[in-house]
Amino acid sequence: MSSDPTDEYLERVKSEIRAEADAARLRAPLPRKALPESSTAEAARSDGIDRGRLDYAIGELTGLQYVAFVDNAFRALLKRPADEPGKDRQLRLLAVGAGKAEVLGNLRFSSEGRRVGVRVRGLLPRYALAKMVRIPVIGYVLEWLLALAAVPLLLRHQRGADTQNAARFHDVDAHLARRAEELQALAARFDEMKRELDETRAHFAVRAESLEQRATTLELRAQALSDSISDVPDLRHHILAVNHWSVSLQRSFTEIDEAAKADAERVQSLIAAMYGAPDAIADREARGARWLAALQARANAPARVLDLGSGDGDWIARLGTHGYDAAGVEPNPFLVARARERGLTVVIDEPFAWLARCADEDLDVITCSGGLPGNDDALADAFAQLRRALKPGGWVLIDCTRSQATGVLSASRGDVARTSRAVAASGFSLDASASLTDAVLAQRR
Amino acid sequence: MLLPGLAPYDAVSNDTLSMTAALRAFGHDVTLFALHTKDIDEPVQPPETIEHWIESPDDVVIYHYCTGWEFPLQLFRRMKARRVLRYHNITPPEFFEGWSAGYVAACADGRAQLDAYAAMQCELYLGDSPFNNRDFIERGADPARCAVLPPFHHVEQLLAADPDARRLPDADGVPMLLMVGRIAPSKNDFALIDALAACRETLDPRARLLRVGKLDPNLATYGIAMREHMRVRGVEQHVIALEDASGAELRAAYAAADALVMLSAHEGFCVPLIEAMALGTPIIALGSSAIPWTLQGAGLVWDEADPYIVASSIARLRGDPDLRALLSDLGMARYRSAFAPPVLIDGLREAMARLDTVPA
């Protein structure tokens, strides 16, 4: 990159800069600034560390012992609380006989301690000696020499220590006497607590007896309940029997339903057979001729005619022959089949149920070959439906023949007078001019 | 391209995205895989799917190794593709001892994988600097499989930015030291503070330090100790901290500074040095780790972080315009010849070509 002259120039510049730096270092040592009083006090209040103080005498730091000594050393020299690993390391040093000066020196002259830069007067020579005695052989000799040189001082310390120990023993005696008094008080308190404990125990015994009695009562009740529960199998048997009975009953009802259905079919078959009897046919022929004559005089073909209870359809066949648009409703399937074989329009249904589904004012004529419902409510409803389905002025013709055989055997059949009253009361005008004795003829008003 | 995370303003992410663009320009099909992304306009796949994308033994997986991550190590052991280890270096854990147990553990985990990567003889070890490659060569990696490619960077965007000095102090002839980089024990901030104190004592009591960079909350105790040290040295009013400088502000900071003072004790490459070189700002640096290689003489490089030497260097630069101009010229020449984007693209092309010559 750079040519040789450039390198040489830069090297020369660097050596000049280095010389300048060395000179500056001597002129102006780096500042170690104490904090303002207020902020120092504030910092000391927050964590107990006096960050503003950067100058100590060694005696200020060596007065404390063991953990308190190490904690204080961290706070004074590193301006922070001791971290656990660091504290442990220094405590172990003390435990193996290292001097406090060595611990203080370790902290002060660590990289962190150098950065903080606290001055400890008298520390450096002591720390240096502490380190030197660790040098093999020489250190051992040095330690011996130091020990010999310090013998007078050690003797003085020993005498002082004896005095201090005597004073300590005196203090300890006094302390032990105080402790003995406290122990006596504690023993009295213990006796009192023992008495309270006995009372409590007696109280618990009474409660335990009471509980035992209650447990016995509960046991008896539980036995009674258990006896009651033993009846449950009988109850289960009864329930199963009722269930069995209800299933049997259901089957019986089904059989009855099927028998009734078969009977109804037989009845309808019988009715159909009766319908085809020669007398009945002749009778219907004669009646049909009369009715047709009466109807032709009142409603012209191709009027729309619905016959309710149309049987095998001989009446609507007659109407069709004479130009009417006729259809029938018949519940007997045998008769409907016969009618349909003749090409007639006949629906299988209950006549008045079918009429209820017809549109309003849709029919010109309604004939009731199958008669009317028996009870009064159904009859009133039937007339209302007849009136609704007929066009205004439309005609109704109700068969009242006693001997007629159809699928519906109505109680009203054959009662011309009752039927005439009911028709008149339902918004129809009776027309007696046709002189029909077996039917009622009326016009919607 | 595999890396732990992608985010804007992150050196490894910048390198990854620029490499991706260059490789695509060469005609390669590049897919990114990362655990997490933030504000990146690029599809990124989850790392666990990477093996589904490998179709041929000729495919290449480039892992940006900058932290301890077990997945890439296992992947490199089993996958049937060529392996490129793009190494951005990991700070040795000793720097963080006493400051952050988490950093110590993370850095130790990261460096613990160096042996395994060196032993597996990857097809290419692509270090940011020769200093980075030494980590593998010392552990037995074949030097023939090692190549140097400085990291891709955004210095060109810095050069194009209009300086914005609104958040900077007025220059008014006051000496100003500049340091750019995260606040961390390896950056030697205590020595920097001492250097500022020495400047104030020997050069000008108004001297200032502009410190651009963030402090990770996990290193809060380090930050507290720094502030304490500033108080002890009496410089707390003379340090201007700028945590989140934009490109325009950074450009203004380089322009306003007498020198970039880089006393960092560990750098795998040191991007701020090339920023300063590109912008013509003189550099005073500690010759540690990769710094001497990155500078190649384009700065005043010292063997010790001596505060008086830094202060005297600043004084000399202020009083010697020829020296300042020379260092500025040397820096710009070094940038253009070694770190400008076209040079890096050529370097990447050569590295990829070299990959083809390495026996499997």
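Two strands pair if DSSP finds at least two bridges between them, and strands (E, at least two residues) and helices (H or I, at least four) are DSSP runs numbered from the N terminus. What you have open is a predicted model, in which local features need pLDDT of at least 70 and side-chain atom pairs count only at pLDDT 80 or more, while totals for chains, interfaces and linings use all residues. Residues are numbered from 1 along each chain as its sequence is written, and chains are lettered from A and ligands numbered from 1 in the order in which they are written.

Start by selecting residues 176-180 of chain B, strand β8, together with residues 259-262, strand β11 of chain B: the two run parallel and are joined by two bridges. Within this pair, B:Leu178 has B:Leu260 in β11(B) as its bridge partner.

Now widen the selection to the open sheet of six strands in chain B, whose order is β10-β9-β8-β11-β12-β13, with parallel pairing. Its edge strands, each pairing on one side only, are β10 (239-242) and β13 (300-302) of chain B. On average, neighbouring strands of this sheet are turned by 20° against each other, direction ignored.

Next, centre the view on β9(B). Five of its five residues are buried, so β9(B) is largely enclosed by the rest of the structure; a residue is buried if 20 or more other C-beta atoms, placed from the backbone, lie within 10 Å of its own. B:Arg208, B:Leu210 and B:Val212 point one way from β9(B), whereas B:Leu209 and B:Arg211 point the other way.

From here, look to both partners of β9(B). With β8(B), β9(B) pairs in the parallel sense over five bridges, and B:Met179 stands opposite B:Arg211. With β10(B), β9(B) runs parallel and is joined by four bridges, and B:Leu210 stands opposite B:Ile240.

Finally, move to the contact between the chains, which takes 24 residues from chain A and 28 residues from chain B. On the side of chain A that touches chain B, α1(A) gives the most, with 11 residues.

How values were computed. Two residues are in contact if their C-beta atoms, placed from the backbone, lie within 7 Å. Axes are lines fitted to C-alpha atoms, for helices over the stretch in contact, and angles run from 0 to 180 degrees between N-to-C directions. A residue is buried if 20 or more other C-beta atoms lie within 10 Å of its own, exposed if 12 or fewer, and partly exposed in between; C-beta atoms are placed from the backbone.
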